[in-house]
Amino acid sequence: MFKLLIVEDEAISREGMRDIVAWERFGIDRPDCACNGAEALEYTARHRVDIVLTDIKMPRMDGMELIARLAERGQPPLIIIMSGFNDFSYAQTAIRYGVLSYLLKPIHMDELEQVLRQAVERLQNPLCASAVEQELLLRFKTQAAQQADALVASLARAVCERDDAAVRAACAGMTALMEQGGFTADIYKRLGFRACFEMLKAVSDYTKSEMLYLDYADRIALITSARDAQQIERQILFCAGELREHIQEVQSSQKRRDINEVIAVIRNQYPDSALQLSTIAESLSLTPNYLSTVFRKQTGKTFSEYLESYRMERAKELLRDVNYKVYEVAYAVGYTSPRNFSKRFRELTGVSPKQYQSETITG
């Protein structure tokens, strides 16, 4: 009969499992129990144990450390993990130490019995390959693919947001995923291609640049010449950097177009005393805050300063015509009060509108 040890810190689960399974059907003696990894390690040093059925999260010594310590002794027992955590790192460690199976809690009796049959089969014929071990490897690869999907999505989002730290973190995460999982450079190259194309798609949609794929095809092709994960990561970062610059150029160009439109409105509608930035922003489907900030950065003046400056230049042109009265000029350039117009004209030019008109005509 084979010997099995249950390692579980919850007494109800530990005793319940020992009592509910018909162990003799599998050629296994009624198991002994340990409440943590340290107790299990001590027990296995004094008794023969063929199979260890262990939890992961336990006090004193957890299941992962127990597995590692048993492996250090050489010829460890078969290990079956039971855990409520579907954690990728646990699956990695399980594969590294040749764990037979990884059961997720709550454990179904048919799953446990299937694993026990395969454990006994492995003990009876050590050379046989375990189907459960293959399932574990498949689960590991599936989780790796899910993490890769998340990292690629994070990378594409970070490029559009021009978040360099997040871009580097996503690339480093992909490299670590490939190296820790033991994947080949060819697999990483395929992941790199996919990452670059997802970045291109995201940036193309974000900037409405339909020909972006053609412009960056050569950049992506450089990944094929990479020899290892670090070189692939550098190529992805290079592509991300190029796309970041493209976004910056597109945004700068768009800002210039926005400002040019505002200036065109000012030149066409400056006589309107009700002309305001908020109404222009609404007509362009932009927010006043954005337009105000961009306008000042591009022109060096606030919207109000620019509008007043333009009105004063137009006022000077009109004042050169002796047929225009000062109050007519004031109304013509968008002022509702000739008095306020005259006051601002003097503050900005150093002379009154009447003096300016007189000096211009006589000069």
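This is a short chat about the predicted model shown above.

User: What does the secondary structure of the chain come to?
Analyst: The predicted chain has 16 helices and 5 strands.

User: And how much of the chain counts as buried?
Analyst: 42% of the 363 residues.

User: What about contacts between residues at least 6 apart in sequence? What share joins residues at least 24 apart?
Analyst: That share is 64%.

User: Switching to α5. Where is it, and what is its reach?
Analyst: Helix α5 covers residues 109-124, 16 residues in total. From first C-alpha to last, α5 reaches 22 Å. That is close to the 22 Å expected at 1.5 Å a residue.

User: Which residues of α5 are buried?
Analyst: L112, E113, V115, L116, Q118, A119, V120 and R122 are buried in α5.

User: New topic: α10 and α13. At what angle do their axes cross?
Analyst: Roughly 40°. The axes of α10 (residues 229-269) and α13 (residues 303-319) come within 10 Å.

User: Is the crossing left-handed or right-handed?
Analyst: α10 passes α13 in a right-handed crossing.

User: Which residues make the contact?
Analyst: On α10, V262, I263, I266 and R267. On α13, F303, Y306, L307 and Y310.

User: How does that contact split by class?
Analyst: The contact of α10 with α13 has 7 nonpolar residues, no polar ones and 1 charged.

Definitions and conventions. Residues numbered from 1 in each chain as written. Predicted model: local features only at pLDDT ≥ 70, side-chain atom pairs only at ≥ 80, totals over all residues. Heavy atoms only, no water. Helix = DSSP H or I, 4+ residues; strand = E, 2+ residues; numbered from the N terminus. Expected span 1.5 Å × (residues − 1). Buried < 20%, exposed > 50% of the residue type's maximum accessible area, 1.4 Å probe, protein only. Axes fitted to C-alpha atoms, helices over the stretch in contact; angles between N-to-C directions. Left-handed = near helix turned anticlockwise from the far one by under 90°. Contact = heavy atoms within 4.5 Å. Nonpolar A, V, L, I, M, F, W, Y, C, P; charged D, E, K, R; others polar.
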